[in-house]
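Open the viewer and switch to a cartoon view. Keep the selection tool at hand, and follow the stops in order.

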Amino acid sequence: MLTSNMSIFIERISYFIHVVSGILRLDSLAIEAVLVEESYWVAAWILLLGGISLGLGQSVILFANRVRRRRFALSLLVNGLVILAGVCLWAATTWLLALLLFQSDRPYSLFLGGAALSTAPFLFGFL
């Protein structure tokens, strides 16, 4: 049982790394693999890990200013929420414009997935 769960975990990690590398190379097949097959968990993890990476990259300034632990944690949380809200707003705006200007019948989740995938470069935010 444990071996089966571990192999599934390793398989998912391998798939995630393969898809993220394809997205960073702007490979259309990798993007379609997430959006068409509705593997939105990949887009959600890209958004989550990208937000964490950006927060860690900016944490150097917080350490230099000797911010307390509680305020540091709160700052990382607020940073993540701001990124999430920005991506949701970006997707909503794009969806509304597509709906009003082009009478698109695409679901909002497709736009949200695309906006989340566009944050893949944030994974390097810790640098």
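Before you start, note that the model is predicted.

**Stop 1: the loop between H1 and H2**

Select Leu-26. You are now in the loop between helix H1 (2-24) and helix H2 (28-35). Check the backbone here: phi of Leu-26 is near 60 degrees, a positive value in a residue other than glycine. Is Leu-26 buried or exposed? Leu-26 has a relative accessible area of 71% and counts as exposed, because the cut-off for exposed is over 50%.

**Stop 2: the loop between H4 and H5**

Go to Gln-103. This residue sits in the loop between helix H4 (69-102) and H5. Phi of Gln-103 is near 50 degrees, again positive in a residue that is not glycine. Gln-103 is exposed, at 61% relative accessible area.

**Stop 3: H4 against H5**

Show H4 and H5 together. Their axes are 8 Å apart, and the packing angle is about 130 degrees. The two helices are therefore oblique to each other. Their crossing is right-handed. Now colour the contact residues. On H4, select Val-87, Cys-88, Trp-90, Ala-91, Ala-92, Thr-94, Trp-95 and Ala-98. On H5, select Tyr-108, Phe-111, Leu-112, Ala-115 and Ala-116. By class, this contact of H4 with H5 holds 12 nonpolar residues, one polar and no charged ones.

**Stop 4: H3 against H5**

The crossing of H3 and H5 is left-handed. From H3, pick Tyr-40, Ala-43, Ile-46 and Leu-47. They meet Ser-109, Leu-110, Gly-113, Ala-116 and Leu-117 in H5. The contact of H3 with H5 has seven nonpolar, two polar and no charged residues.

**Stop 5**

Finish at Thr-119, in the segment after helix H5 (108-117). Thr-119 is buried, because its relative accessible area is 2% and buried means under 20%. The side chain of Thr-119 reaches the backbone oxygen of Ala-116 at 2.5 Å. Which residues are in contact with Thr-119, leaving aside its neighbours within four places in sequence? Select Ile-46, Leu-47 and Val-87 to see them. Ile-46 and Leu-47 were picked on H3 at Stop 4, and Val-87 on H4 at Stop 3.

Note on methods: Residues numbered from 1 in each chain as written. Predicted model: local features only at pLDDT ≥ 70, side-chain atom pairs only at ≥ 80, totals over all residues. Heavy atoms only, no water. Helix = DSSP H or I, 4+ residues; strand = E, 2+ residues; numbered from the N terminus. Buried < 20%, exposed > 50% of the residue type's maximum accessible area, 1.4 Å probe, protein only. Polar contact = N/O pair within 3.5 Å; in protein donor to acceptor, adjacent residues only side chain to side chain. Contact = heavy atoms within 4.5 Å. Left-handed = near helix turned anticlockwise from the far one by under 90°. Nonpolar A, V, L, I, M, F, W, Y, C, P; charged D, E, K, R; others polar. Axes fitted to C-alpha atoms, helices over the stretch in contact; angles between N-to-C directions. Parallel < 35°, antiparallel > 145°, perpendicular 65-115°, else oblique.
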